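Here's a quick look at the charged side chains and how they pair up. Have the structure open as you read.

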Amino acid sequence: MHTPVVLIAFRRPDVTKRNLDVLRQVRPERLFIVADGPRPGRPDEAEQCAAVRALFDDIDWPVKVERKLAERNLGLEANVELGLDWVFSQVDRAIVLEDDCIPDPSFFRYADELLERYADDKRIWQIGGDTHLVPQEMFGGHSYGFSTWASVWGWATWADRWHDHRSEFDRDHAGAEDRVDEVPRTAPARRTKVAVPHPDALVTEAARRHFTFVSTEEDGDRYGWDHHWWVTIMSRQGLSIMPCVNLVEHDGYGEGATHTRAAKDPEPARSLDFPLSHPPVVELNRAIEGELELVLLRTDGRLSRLARRLIRPLWMRAMVRRFIEIPVVWRVVRRLVNK
């Protein structure tokens, strides 16, 4: 496979090994490793990070491996943003996987074909691999559909889109290695210009409120790098691509995760049929977008963030999630969110 692959890793050798096992099947010719270092005062993390890096020494197919290995912990935001800056200073496109995003082998062909097909169509910013359980019937029999935002649990993009985003949200993470406990010593990031979502980019009022808040929040570190990437796309009325079946299993739930710490069974990755059936026009699929907005608000809206602060035990969060996902309860939540 000619398209470069980026693997972002930290301290989980088990999921990293699963990812490398899939990569061994598709055999990319160029592999970028972006690995964060252990946090200060955590000898267990030093051992885990060393175990992850040892896996890279066992890569055994013909491939050019390039490594960006942090000596000290940068934190998730700095590791991802600086890592992708480094990658896209060398290549014009890439497929990006975090260690716990385990793809089906067909994900790579799907991403590779669409990276080529839409390389010169600047309306398209991202190719996603995780569907977040959007029903397949919403895709109208096509292999993929167009949404505004898409999951970064297995995704792909082009260097020009990434650089365009970073010129607008250009936090440099200066001092990221100077950690005190959990907090890196960095000044809050701010956008170089206001990037309020375009009125036609989103379909629910709740999502418009959420992403407008993200885009105007003075503390740019309050939300993650992915939210800011999506805000840039929304402000340009850009589009992302979502597959009709889930192509990437997110195996990052539980105690070892940075954000998704509550226990949850991952949605398994499935294989996509080829040749791809392309949508006849490049335009927002409002049904798909509406479903995705509801998923995001349920997991990362202001109410869900408040709930995570108030409900600390993971078992209790799992109970609340199971209650919300009861069909009748979820229908009520959907009506409230759409208001």
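## The overall count

Searching the whole structure turns up 28 salt bridges. Keep in mind that this is a predicted model. As a general point, side chains of opposite charge can pair when their charged atoms come close.

## Glutamate 249 and arginine 18

One of these bridges pairs glutamate 249 with arginine 18, with 3.2 Å between the closest N and O atoms. It's a link between distant parts of the chain: glutamate 249 sits in strand β12 (residues 248–250) and arginine 18 in helix α1 (residues 13–26), 231 residues apart.

Buried or exposed: where does glutamate 249 fall? It counts as buried, because its relative accessibility is 15%. Arginine 18 has 32%, so it counts as partly exposed.

## Aspartate 60 and arginine 24

Aspartate 60 and arginine 24 also form a salt bridge, at 2.8 Å from N to O. Arginine 24 belongs to helix α1, while aspartate 60 is in the loop between α2 (43–56) and β3 (64–69), so the bridge ties together parts 36 residues apart in sequence.

Aspartate 60 is exposed at 54% relative accessibility, and arginine 24 is partly exposed at 28%.

## Arginine 93 and glutamate 116

Then there's the salt bridge between arginine 93 and glutamate 116, 2.9 Å from N to O. Here strand β4 (residues 93–98) supplies the arginine and helix α4 (residues 106–117) the glutamate, so parts 23 residues apart in sequence are tied together.

Arginine 93 is buried at 15% relative accessibility, whereas glutamate 116 is exposed at 54%.

Terms used
Residues are numbered from 1 along each chain as its sequence is written. This is a predicted model: local features need pLDDT of at least 70, side-chain atom pairs count only at pLDDT 80 or more; totals for chains, interfaces and linings use all residues. Side-chain values use heavy atoms; hydrogens and water are left out. A salt bridge is a side-chain nitrogen of Lys or Arg within 4 Å of a carboxyl oxygen of Asp or Glu. Helices (H or I, at least four residues) and strands (E, at least two) are DSSP runs, numbered from the N terminus. Buried means under 20% relative accessible area, exposed over 50%, partly exposed in between (1.4 Å probe, protein chains only).
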